[in-house]
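Here are a few notes to read alongside the model. Have it open while you go through the points.

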Amino acid sequence: MKKKKKRSPRTYAVYIHKVLQQVAPKAATGLTISNKSVQLLNGILCDVEKRLTDKSFAIAVADKKRTLNEKHMKTAVNMILPPELAGH
């Protein structure tokens, strides 16, 4: 019997660094981000992801659908995020 591999926790650290470099290139500004800040942002992103998936799943169940679709996700985004962010 094969052992199941443990899934590593989802992390957005790589993407946080990529976005930071796009927004504020290190050569131009000299800005960096600490590991503690990356951990904090990662926690926030994981929380938002969890809330969006939970809400979209609840919407799909209320619609008596077995598959999540774009409408469920879009509705969840509009319900959870502020209007300034939901429009993107």
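1. The structure holds 4 salt bridges (a side-chain nitrogen of Lys or Arg within 4 Å of a carboxyl oxygen of Asp or Glu). Bear in mind that this is a predicted model, where local features need pLDDT of at least 70, side-chain atom pairs count only at pLDDT 80 or more, and totals for chains, interfaces and linings use all residues. Residues are numbered from 1 along each chain as its sequence is written, and side-chain values use heavy atoms, with hydrogens and water left out.

2. One of the bridges pairs Glu49 with Arg10, at 2.6 Å from N to O. Glu49 sits in helix 3 and Arg10 in the segment before helix 1, so parts 39 residues apart in sequence get tied together. (Helices are DSSP runs of H or I, at least four residues, numbered from the N terminus.) Arg10 is exposed at 54% relative accessible area, while Glu49 is partly exposed at 26%; the cut-offs are under 20% for buried, over 50% for exposed and partly exposed in between, with a 1.4 Å probe and protein chains only.

3. Arg51 and Asp47 form another bridge, 3.4 Å N to O. They are 4 residues apart in helix 3, so about one helical turn separates them.

4. Helix 3 itself (residues 35–62) passes a length check: its 28 residues should span 40 Å, and the end C-alpha atoms are 40 Å apart. The expected span is 1.5 Å times one less than the number of residues.

5. Among the buried residues of helix 3 are Val48, Leu52 and Ile59. Their cover includes helix 1 (13–23) and helix 4 (70–80).

Definitions and conventions. Helix = DSSP H or I, 4+ residues; strand = E, 2+ residues; numbered from the N terminus. Contact = heavy atoms within 4.5 Å.
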